[in-house]
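Have the model open as you read.

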Amino acid sequence: MAEASNIFSSLDAPFRNFEKAVEPIVWQSSDILVMQTYDLKVPMLAGSTVKYSFSTKLGDISFTTEFHAAGQPPQVIVAPMRVPSDIESIKGTFKSETDGAFVFLFDNSFSWFNSKLLSYTVNLFQPAFTLADQNRVRQSHRLLQATMEDTRKANLRLVTARERSSQLGKEVGTLDARIAALSLELENKRTVLKAATEEVEDMAARIEYNLDKRNGLCIRTLDNKALSHVLSFVGKTPSSYAVCKYWKVCVDENELKKGKN
């Protein structure tokens, strides 16, 4: 958004050095070399008047003028035409109704191999103080209305924005509380999961241990007669000898009995 100081500066610019009776502002040049085109822009306030004259050497030139106002397409004042500026001075006057720029366009492209020497004098007469003052008042009034309308719209949007901000603040607070609760629950679940995983590992190891212990205990629940009978099927092997001396004795006795039979 443009700063207010820039707007005020634009409105007050025509009055900084304004006097009720001022000399015209003059643009003047002699023997400018024009090979193809040349243009001159003269800024104007509403009510200003431009008086101009120009001439050329080494031949005629094509000439047109336009008025450029902000936000508007260029307005052709003098249609493009070749003028006998090498024979006589070409003169004209233009008074602006709005702020803008008066543009002179000199075109020598029809004879680019033959350059022209252009001389001109342009006098800009500023509007009377009252007219310039009225123009400033009119622009200020328009800007004031636009500012008030923009303020009205901004106030409506401010109310809506505040309501939405308040609602979103509540929703965010609720979500923050839920996230905190979920974070705590997650941490608790992780602790329980860790304990459950350790229990799974402990119980699996315990079962494996009990299976080994069960096999050993089952064989050891047999009395001498039953154990000897079982070991008779195993026979004399390194594995049966390796368990204990008692098993070795049982196996040897079985072997003796087989030998006697």
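Of the 261 residues of this predicted protein, 24% count as buried, meaning under 20% relative accessible area with a 1.4 Å probe, protein chains only. This is a predicted model, where local features need pLDDT of at least 70, side-chain atom pairs count only at pLDDT 80 or more, and totals for chains, interfaces and linings use all residues. Residues are numbered from 1 along each chain as its sequence is written, and side-chain values use heavy atoms, leaving out hydrogens and water.

Five helices and eight strands make up the secondary structure. These are DSSP runs, with helices H or I of at least four residues and strands E of at least two, numbered from the N terminus. Along the sequence the pattern is α-β-β-β-β-β-β-β-β-α-α-α-α.

Now look inside. The largest nonpolar core has 23 residues. Such a core is a set of buried Ala, Val, Leu, Ile, Met, Phe, Trp, Tyr and Cys residues joined through side-chain atoms within 4.5 Å. Val-42, Val-50, Tyr-52, Phe-54, Phe-102 and Phe-104 have the most contacts inside it. Elements giving two or more residues include β1 (25–34), β3 (49–57) and β7 (100–107). The largest share, four residues, comes from β8. In soluble globular proteins, nonpolar side chains tend to be buried together.

Take Tyr-52. Beyond residues up to four places away in sequence, Tyr-52 touches Phe-63, Val-78, Phe-102 and Phe-104, among others; a contact means heavy atoms within 4.5 Å. Among contacts in the protein between residues at least 6 apart in sequence, 75% join residues at least 24 apart.

Definitions and conventions: Buried < 20%, exposed > 50% of the residue type's maximum accessible area, 1.4 Å probe, protein only.
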